[in-house]
Each structure stands twice: as structure tokens, then as C-alpha cells.
Amino acid sequence: MASPPRPLLGLSLAVLLLLSPLLASAALVLEDGYTVSTAVDLNPRPPSSVAQPYAVLPRPRAGDLLLLDSTGSALYTLALPVSADGEPRRLAGGTGTFDRPRSVAVDGADNVYVADREHGAIRKVAPSGYTTTIAGGYSAGTGRRDGPAQNATFSPDFELVYVPKICALLVADRGNRLIRQINLKPEDCAHETQKGLGNTTVSIIAVLGALFGSVIGFLVRHFYPFQAGSLHQPLFQQGTEAIQENPEEGRTDQLLRHQKRNC
């Protein structure tokens, strides 16, 4: 079978090259209506206080942002709403605390959990900045050991995520191809949804209100019909009967006799 002419083959290749970008973008859908702006510029800061943002997470209770500086092995907070002149405040970090972390998580009580992959440990930073080790404290090296958290081992590549529904940290242990779970303490997952009154206080008030309403309803149902019947009785029923029994008496005499009887 004869091969196609060279000019025709070259033309076909040229058409395919021209249509390739269009075919590749056929499944790409663009959605308009969004804008990008710079919230905080950390470049002008003096070199001694530069915070290099590697990751940013919100802190629910404090209502601010947590900024992870992986290069500087430090954590910072940034007030909301962010402004161009916002100044990060150092929360924790430094020599010996953790080494170039790249993954953090924040629980409902604003505790920060740091994946210290260089040391195979997980650190917990309280809102005050106080830092403790909750996993991998007694371990040396890498591994996949479960059990008491201080004896657990991890691969050199793992990340953290906080799941409030189960009050736990999930560890994406990439090197071991595992998803690990660390159950947290109840106080780490508790959070207030209202300022001033918490969920427990509001619930107690609602229950007391319902009980009080039930008691009032019970009293009204059992005593109101009797009281209502008494109010609808004629005030001078006995006197009226007496007046009907003595139709020949004058009206004035009847009223006087009724008053004497009441006395």
C-alpha cells in the first residue's frame, strides 16, 4: 500500500499541533467573579523578624490566624481582619522545639499540633505558647509502631489534620502508606459558640424553662375550670330565688331582706 504524499502528511501534523491546545482545554471551565489581593506583605520587615509564611490556619477561639514559618521553625499569630501593616506575633518555636515543620493543625481550643518530622514527634502548643510532646517522645528513628503515643513511630513524611467530629488528629503517614489516629482529650475539642453563655448554660436554661411551663400548664388545666365556673355563677342567685318566691313584696323590701341575710 502506497504511503500518503509528504505534503499531505505535513499538513495533517500542522493541524494537529494547532488543535492540541484547544482539545486540552475543552474540559477546563473558567468561573469569573473572583479577585486576588495582597492581604499582608511581610517582605519589608527587618531580616531579624521576618516570618516566612509556609501555611496559614484560623484559630477559632482567638479569632486570629496561625502562621507557620517552616524555615524559621516558628509559629506566629496574625490579628484579623488582616491589614497591610499587620505585625505577626511570635507564639512558639526556636532551638530544640521543632525542626522545620511543614504541617500543623488547630483544635477547637486553639491548641496547635506540629508535625516535627525531623524528630519523628508531634508537638502540642497551648494558646499561651507552652509546648509539650504528645507523640513520639520516647521513640528514636522511624517506623510504624502503634500503641501509647509516646512510644509511637512515624515515617519521615507525615502530615496532620484535626477532625472535630471524632475529637481526634488524623496522621497521613505517607512513608508507611497509613492513616493513623490520635484521640484527643475532651477539653481539647470543646469550644464556645456564643460569647458570654456557652452551650451548656443555654441548654440548662431551656430545660428549666420547659419544666416551669409544664408546671404552670398543669395548674391551669386543673384549677382554671373550677374558678371559671365560680365566676359565671350569679352573684345574687339565692337572693333571686327568694325574690321569685315572694313576688308580692316590693323591690325595696326584697333588697333590704337580702342585705340582712348576707350580714
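Colleague: Is Arg 177 buried or exposed?
Modeller: Arg 177 is exposed, because its relative accessible area is 81% and exposed means over 50%, buried under 20%, partly exposed in between (1.4 Å probe, protein chains only). This is a predicted model, where local features need pLDDT of at least 70, side-chain atom pairs count only at pLDDT 80 or more, and totals for chains, interfaces and linings use all residues. Residues are numbered from 1 along each chain as its sequence is written, and side-chain values use heavy atoms, leaving out hydrogens and water.
Colleague: Okay, and what's phi doing at Arg 177?
Modeller: Phi there is positive, near 55°, and Arg 177 isn't a glycine. Most residues other than glycine have a negative phi.
Colleague: What about phi at Asp 110?
Modeller: Asp 110 also isn't a glycine, and its phi is positive at about 70°. Asp 110 is buried, though, with a relative accessible area of 4%.
Colleague: New topic: which peptide bond is cis?
Modeller: The one from Leu 80 to Pro 81, with omega near 0°. Most peptide bonds are trans.
Colleague: How many aromatic pairs are there?
Modeller: One, counting rings of Phe, Tyr and Trp (its six-membered ring) with centres within 6.5 Å; planes under 30 degrees apart are stacked, over 60 edge-to-face, the rest tilted. Phe 154 and Phe 158 have ring centres 4.9 Å apart and planes at 25°, so they're stacked.
Colleague: Are those two Phe residues, Phe 154 and Phe 158, buried or exposed?
Modeller: Both Phe 154 and Phe 158 are buried.
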